[in-house]
Amino acid sequence: MPRAQKWVNYFLSHRHVTLELINKIDEAHYEYKPTPTSMTAKQLATHMLFSFYNFANAAKHGDPSLFRQKIEEPETNLAKLAETYTEKTRQLIESMSDDDFNRTLDFTSIFGIHIPAAQLLQMAMDHEIHHKGQLFVYVRAMGHTDLPLFVKRG
C-alpha cells in the first residue's frame, strides 16, 4: 500500500470519530464552553479542521507560510464544514508522493526545527487526537451519552 494511502487511512481512522462528535453539536450549542477560558465548541471544531488542513498543506507544498494561513470560511454549519475540510485534507495527503513525505522542511520560524514532512503530519495527528479528547468532554457535557470509540477501524 502506498505511503499516502496509509496516511489517509490513519487520518480517517481518527477524523471519522471527530466527524461523529461534531455532528452531535447542535447549532444551539456552538457557543458552549466548559470554562470561561475554554474555546467555544465551534472554535474548537474549526480549530481542529483548519489546523490539520494547514499542516497537510504545508507538508505537501513544503511551504511553512501555509501553516499560518488564515482560513476565511463562509460556511457556518459545523457538520458541512467538517465534511468539506476532511475531504480537502484527505486530497492533500493522498496527493503526496513518497518524496514529499521524506522531504525535510525548514520550520525554524515556527517550531525552531527542520522536520520531515511525515513528522509534520504526525504532529498534526497528535494535535487532532489531543483536541478530539477535549471534544469528547464537550459533547458529553452537552448531554450526549452515546459516544463513538476513540478510533474507528475498517
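Here is a short chat about a helix pair, a strand residue and a loop residue in this model.

Colleague: What should I keep in mind about the numbering and the model?
Modeller: The model is predicted, with local features needing pLDDT of at least 70, side-chain atom pairs counting only at pLDDT 80 or more, and totals for chains, interfaces and linings using all residues. Residues are numbered from 1 along each chain as its sequence is written, and side-chain values use heavy atoms, leaving out hydrogens and water.

Colleague: Why is α1 called roughly antiparallel to α3?
Modeller: Helix α1 (residues 3-23) packs against helix α3 (residues 78-94) at about 175°, and their axes are 10 Å apart. Angles over 145 degrees count as roughly antiparallel, so α1 is roughly antiparallel to α3.

Colleague: Nice! Which residues of α1 and α3 meet?
Modeller: From α1, they include W7, F11 and L19, and from α3, Y85, A82 and I93 are among them; contact means heavy atoms within 4.5 Å. By class, this contact has 12 nonpolar, 4 polar and 4 charged residues.

Colleague: What makes A28 exposed?
Modeller: Its relative accessible area is 75%, and exposed means over 50% (1.4 Å probe, protein chains only), so A28 is exposed. A28 lies in the loop between α1 and α2 (41-61). From A28 to K6 is 37 Å, C-alpha to C-alpha, with the two 22 residues apart in sequence.

Colleague: And where does T104 lie?
Modeller: T104 lies in strand β1 (residues 104-107). Leaving aside neighbours within four places in sequence, T104 is in contact with H114, I115 and P116. T104 and P116 are 12 residues apart in sequence, yet 4.1 Å apart in space, C-alpha to C-alpha.

How values were computed
Axes fitted to C-alpha atoms, helices over the stretch in contact; angles between N-to-C directions. Helix = DSSP H or I, 4+ residues; strand = E, 2+ residues; numbered from the N terminus. Parallel < 35°, antiparallel > 145°, perpendicular 65-115°, else oblique. Nonpolar A, V, L, I, M, F, W, Y, C, P; charged D, E, K, R; others polar. Buried < 20%, exposed > 50% of the residue type's maximum accessible area, 1.4 Å probe, protein only.
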